[in-house]
Amino acid sequence: MVATDLTYRASEVEPFRWEGLDFFVKRDDLIDPRFSGNKLRKLYSLFKLKNGRVKRVVSYGGAQSNAMLSIAYLAAMKGWEFIYYAKKLPKWLERDPSGNLKRAFELGMVLHQLEPQNFYEEIESVRSGLGADELFVPQGGADPAAREGVALLASEILEWAQNRGYERFSVATPSGTGTTALYLREALSGSVEVLTTPVVGDEETLLAQWRRLKPDAASLPKILFSFGKHHFAKPHPQFLKIWKSLKRSGIEFDLIYAPKMWLELQRAYETLPKPVLYVHSGGVSGNVSQLQHYAFRGIK
Ligand SMILES: *Cc1c(COP(=O)(O)O)cnc(C)c1O
C-alpha cells in the first residue's frame, strides 16, 4: 500500500560547490521520496483533482521513464488504474524487470507493448478513444496541466531570491520534453535567465516541442548546446565522469539528464548571470538501471 496523501512543502535550496565553481541547488528531489522531482511539479494539478471523476490514467513512453514511475505512484495514491504503453521490451528486461519498471509493476501498472513501427499512430487511436473517466498524460507529462505545478516552483524560486536580494540570476534545468524549462520561463520575470539544454534530440527538437506547448510564447528559455546531439540515455564516458564528480561534491543527481546540463554550465559559467540555481529534477531512482547500462558497455 502507498500512503494516499502528498505532504507538500517548498523544497530547500542548498549551496553547492563543484569543480571550483559556486552554485545553488533546489532540492526538488527531496520533496517526496516517491516522485522524481519535476514530475511531482508536472503532476501537481492531477494530485489536486477530486476523487471520483477519474477511474483510469493512460500514458506512454520509455520503459524506464521517470514520468512513468511518478504516474504509477500517483495512480496508486488515487486508486486509479494505470495503463502504460511502451515499445516492445527487449527480452532480458521482460524476463527480469529492474529499476523504475519493476517498481511501477509493483504499484499495479499495466503495461501494453506495441510494435515500434506504428507506435505513435496506435497511441493516437488510444487517446482519441478514451472516455470521460479516463485521463491521458502525454509522454513525459508534456501537457499544459504541468503549468500550475511549475508555476509553484517558480514562486518558491522568486521568494528565495527576494529573501537574499538576488534580482538578476540564472535558473538551470535540463530538458527532456522541455515542459519544465518553458513554464519556468513563463513564470519567472525577464531579469531571471532560464537556461536549459536538450537531452532528447537537438535544439530544433526542443523548439518544436515548445511551439506545440505554447505557440505564442513571447520568450523562450536560453539553450546551451555546445556538447551537441547525443542519443537519449546512451552511456557516455564524460557523463559518468561528471556524475561521479557531482556525487563526490555531495549531491547525487540522475545519470541521464543532469550530467549534460552540468557540463554546459561548467563551459558557460563565466558568462552566466550569478548566482546560478540548478533545479534538481530527481530521477535518482533510475540510476540503478542506467549504471547497469554503463557496466554492460564497460564504461567505468
Ligand atoms: C523528466 C526529467 C527531466 C526533463 O523534464 P522535462 O520537463 O520533460 O523537460 C529532467 N531531469 C530529470 C531528472 C527528469 O526526470
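Biologist: Why are α9 and α10 called roughly perpendicular to each other?

Modeller: In this predicted model, helix α9 (residues 237-248) and helix α10 (residues 258-268) pack at an angle of about 80°. Angles of 65 to 115 degrees count as roughly perpendicular, so α9 and α10 get that label. Their axes are 9 Å apart.

Biologist: Which residues make the contact?

Modeller: From α9 you have Gln 238, Phe 239, Ile 242, Trp 243 and Leu 246, and from α10 Pro 259, Lys 260, Trp 262, Leu 263 and Arg 267. Sorted by class, that's seven nonpolar, one polar and two charged residues.

Biologist: What makes the one space of 30 Å³ or more a cavity?

Modeller: A cavity is where a 1.4 Å probe fits but cannot get out. Searching the whole structure turns up one of 30 Å³ or more, and the largest cavity has a volume of about 60 Å³. Its lining includes Phe 239 and Lys 260, two residues that also sit in the α9 and α10 contact.

Biologist: How do you know that the second largest pocket draws on domain 1 and domain 2?

Modeller: Look at the lining: at least three residues come from each of domain 1 (13-31 + 145-296) and domain 2 (41-142). The pocket holds about 240 Å³ of space. Among its 17 lining residues, the closest to the centre are Pro 33, Phe 35, Gly 283, Val 284 and Ser 285. Helix α4 gives the largest share, three residues.

Methods:
Residues are numbered from 1 along each chain as its sequence is written. This is a predicted model: local features need pLDDT of at least 70, side-chain atom pairs count only at pLDDT 80 or more; totals for chains, interfaces and linings use all residues. Side-chain values use heavy atoms; hydrogens and water are left out. On a 1 Å grid over the protein atoms alone, a cavity is a set of points where a 1.4 Å probe fits but cannot get out, and a pocket is an open set with protein on both sides within 12 Å along at least five of seven lines; lining residues have an atom within 4 Å of a point. Grid points are joined across faces, edges and corners, and a volume is the space filled by probe spheres set on the points. Axes are lines fitted to C-alpha atoms, for helices over the stretch in contact, and angles run from 0 to 180 degrees between N-to-C directions. Helices (H or I, at least four residues) and strands (E, at least two) are DSSP runs, numbered from the N terminus. Angles under 35 degrees count as roughly parallel, over 145 as roughly antiparallel, 65 to 115 as roughly perpendicular and the rest as oblique. Contact means heavy atoms within 4.5 Å. Ala, Val, Leu, Ile, Met, Phe, Trp, Tyr, Cys and Pro count as nonpolar, Asp, Glu, Lys and Arg as charged, and the others, Gly among them, as polar. Domain bounds come from an automatic or database domain assignment.
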